[in-house]
Amino acid sequence: MTSEPSAKRAMTSTSRAPTNTHVSHEAWTREGLAIIIVGASGDLAKKKTYPSLLSLFHGGLLPPNLCIYGYARSQMTDEQLRDKLRPYLTKQKAEVVEEFLGRCFYQSGSGYGDLDSWRGLDGKLATFEGEGRDKGIDKSNRLFYFAIPPGVFAETGEAIKTACMAPNGFSRMIVEKPFGRDLESCKDILHRLGQHFDETSLFRIDHYLGKELVQNLLVMRFGNIWMENMWNRNHVQCVMLTFKEPFGTEGRGGYFDQYGIIRDIIQNHLLQAMCLLCMECPNKLDGPEAGEKIRDEKVRVLEAMSTVTLDEVFLGQYESYTDDETITNKDSNCPTFAIVRCFINNPRWAGVPIIFKAGKALNERKAEMRVQLKDAPAAEALFGVKVPRNEIVMKLQPKESIYMKSNIKTPGFSTAPIQSELEVRYDTRYFSGANVCNPDAYSRLILDVLRGRSASFVRSDELIRAWEIFTPVLHQIERENIKPHMYKVGSRGPEGADAWSNEKSGYERNDAYVWHDGNILRKASML
């Protein structure tokens with residue numbers, strides 16, 4: 001059952017006063033806003049979407065005239081929804097959480113395309129928006145968050161277009177991945193959603209594009225003259241993007257087995273980060289016009305990449321993968337680990353190996369971008385020893401930091417080069433104050449949608465080109481039943497993976513260097 005609307009509660013219950021923020025001057029902050037979370041009973045909504053909205057609410061980054069409706073097939077009341085959400089809203093004080101939950105309501109439907117239910121929700125939103133007009137708020141906007149499987153995108157979008165669009169404000173859709181599992185399925189999803197909404201209304205979310213270090217790439221690359229001078233094939237040996245998780249599929253095996261690690265991580269998260277890392281400078285980097293210019297440059301990077309072939313791929317699978325009860329194919333060749341080498345065939349990057357590495361059930365949790373530079377000219381002849389290569393490392397998780405591995409003289413009497421780092425750690429440098437926090441990726445991206453900023457979202461031509469690069473090899477792996485290398489849970493990955501990656505990239509590891517929680521440690525051979 002769905003309880004009757006309580007729009008008056010959303011308008012009058014401890015109404016949060018407007019806060020002076022960096023978006024306060026924008027018109028939408030003085031307009032009404034209804035946020036509709038489609039798939040509100042699912043894990044994504046409970047664990048990510050609602051907590052991120054709470055963060056924005058607490059920061060004064062949502063309009064005072066606000067209501068949030070959950071839509072799903074489960075039967076529940078408003079209070080039952082709030083009870084389900086409360087355990088996941090733990091990062092704010094209890095009074096803030098209760099004020100936020102007072103804005104949260106629920107609408108059930110027999111399906112995601114149930115027109116009668118969407119019309120019922122539209123009536124509730126119209127009541128809320130009418131009360132706003134009584135207070136002098138003439139314009140109200142609607143934001144729809146699709147926390148649902150791609151198979152129901154089309155029917156949901158059609159129902160919203162028919163029955164629940166904002167009558168006098170914007171209607172914007174946030175769409176979660178996966179955007180298909182190959183080129184054809186991606187085109188199908190794009191076509192079905194494109195029948196109802198254009199690119200200005202669709203925001204395809206990849207939460208990696210909302211991470212602090214990924215968003216920092218534009219300033220770091222194009223705001224530092226030293227970066228531009230060395231960011232090319234003349235100075236860079238290789239570029240490596242890595243994602244590692246210390247756990248396996250954890251009961252999600254049935255879903256994961258349909259996609260695999262290349263589709264799940266490399267073809268989207270890591271590829272998107274690589275585009276920002278390697279693209280040419282757009283004519284504009286901030287402001288309303290910047291989004292399309294940035295995405296144009298990302299597409300040009302993808303267009304310069306060749307289709308991946310099987311000899312450029314190394315596959316792995318952890319040993320107990322098929323023990324997951326949700327995996328029905330016990331002979332599955334689905335990769336849980338992969339390394340892929342690509343090249344960008346343009347004047348800046350020609351010949352520079354781009355290495356993508358991702359895996360589950362490995363020895364650590366880590367996501368990073370690493371650029372290794374070439375040997376310093378004549379350094380070995382000058383110093384009489386092998387001089388380590390410089391590296392720029394951007395760690396996305398677990399602790400966000402940027403450091404450059406540089407060579408200095410060994411402290412003391414020795415003159416031998418030793419590698420240290422120039423480092424910025426975000427948690428201690430910027431977010432150590434009691435009233436300062438590092439916003440999560442979803443909070444940043446939802447705010448970008450409200451502001452109409454598209455730079456951190458994936459455009460349709462980006463998606464199509466990304467699938468063109470990876471679909472042939474993915475189909476070949478499935479068609480020829482290519483077997484992955486097995487590896488133990490908690491290891492670095494399959495035996496031979498590191499050697500394969502180093503051979504393909506030309507990467508040279510400095511075994512005398514250890515980075516540990518920001519401290520330099522020297523191995524016994526250096527003491």
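Hi everyone, let's start at Val385, which sits in the loop between helix H14 (379-383) and strand S12 (391-397); helices (H or I, at least four residues) and strands (E, at least two) are DSSP runs, numbered from the N terminus. Please keep in mind that this is a predicted model, where local features need pLDDT of at least 70, side-chain atom pairs count only at pLDDT 80 or more, and totals for chains, interfaces and linings use all residues. Residues are numbered from 1 along each chain as its sequence is written, and side-chain values use heavy atoms, with hydrogens and water left out.

Now over to strand S4, residues 140-146. Seven of its seven residues are buried, so the strand is largely enclosed by the rest of the structure. In a regular strand, side chains alternate between the two faces of the sheet. Here both faces are covered: Ser140, Arg142, Phe144 and Phe146 are buried on one side, and Asn141, Leu143 and Tyr145 on the other.

Which strands pair with S4? Strand S1 (residues 32-38) runs parallel to S4, joined by seven bridges, and Ile36 stands opposite Phe144. Strand S5 (residues 171-176) also pairs with S4 in the parallel sense, over five bridges; pairing takes at least two DSSP bridges between two strands. There, Tyr145 stands opposite Ile174.

Terms used: Buried < 20%, exposed > 50% of the residue type's maximum accessible area, 1.4 Å probe, protein only.
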